Amino acid sequence: MGLFRPYDQKTSASQAASQPAPEPVAVGAPTTAAPKNRPTPTRQQAQAARMEALHPKLTKRQVTAQDRAAAEKKRTAQMQAEDNKPERVLLRNYVDSRLAITQFILPIMLIVFAGSMGLSKFPAMTMALTIFLYAVVLACVVTCWLFWQGFKRELAERVPSASTKGLLMMLVSRMMMIPRMRQPPPAVKRGESY
């Protein structure tokens, strides 16, 4: 068919006859999709549904729970980053590889307290328990001081650029804990090299 020529019906019919006829499409053919049974949502409704999926509306309790979980996750990550510093790892290994009287102070204090309550009728026994407790506390102070001096020497050898800020309290608190209750748990056993 030419653009500016008259339409020739005979040539168009002969071209259509030479081409294969398209297969008819059944109008009522079953489809795999479920029936709709609802009107098509408007664009505004569809966008609102997508935004609801991305940013669901939460109650105050749910928002508080999410905020608390996020803060806990952040705090845990910060604590792990802090605990993985080389000077802190060295301090934990230094304390965990040695036996000290300080890790027995809590059970000793409980025994002395129970004994002083049970022996309150005997002032001499109560006085002896009190003197024993003071002696144990003094031994713990001396042990902590010796550990601190030894740790500072080892820290200067292994991690010379590290700061000792906050490490003394960490050393004392770790020494006073029973090894099973220490957090993070001990990575070396008593007597092992690290």
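Predicted model: local features only at pLDDT ≥ 70, side-chain atom pairs only at ≥ 80, totals over all residues.
Residues are numbered from 1 along each chain as its sequence is written, and side-chain values use heavy atoms, with hydrogens and water left out.

Entry on H5 and H6. I looked up the angle: helix H5 (residues 105-118) packs on H6 at about 165°, with the axes 10 Å apart. Among the H5 residues in this contact are Ile-105, Met-109 and Val-112, and H6 brings residues including Leu-129, Phe-132 and Val-136 (contact means heavy atoms within 4.5 Å). By class I noted 10 nonpolar, 3 polar and no charged residues.

Entry on H4 and H6. Here the angle is about 135° and the axes lie 11 Å apart. H4 and H6 are therefore oblique to each other. From H4 I listed Glu-87, Leu-90, Leu-91 and Tyr-94, and from H6 residues including Phe-147, Phe-151 and Arg-158.

Entry on H7. Which residues of helix H7 (residues 167-176) are buried? I found Leu-167, Met-170, Leu-171, Arg-174 and Met-175 (buried means under 20% relative accessible area with a 1.4 Å probe, protein chains only). Seen down the axis of H7, these fall within an arc of 125°, so they line one face of the helix. They pack against helix H4 (86-96) and helix H6 (123-158).

Technical notes:
Buried < 20%, exposed > 50% of the residue type's maximum accessible area, 1.4 Å probe, protein only. Helix = DSSP H or I, 4+ residues; strand = E, 2+ residues; numbered from the N terminus. Arc of directions from axis to C-beta. Axes fitted to C-alpha atoms, helices over the stretch in contact; angles between N-to-C directions. Parallel < 35°, antiparallel > 145°, perpendicular 65-115°, else oblique. Nonpolar A, V, L, I, M, F, W, Y, C, P; charged D, E, K, R; others polar.
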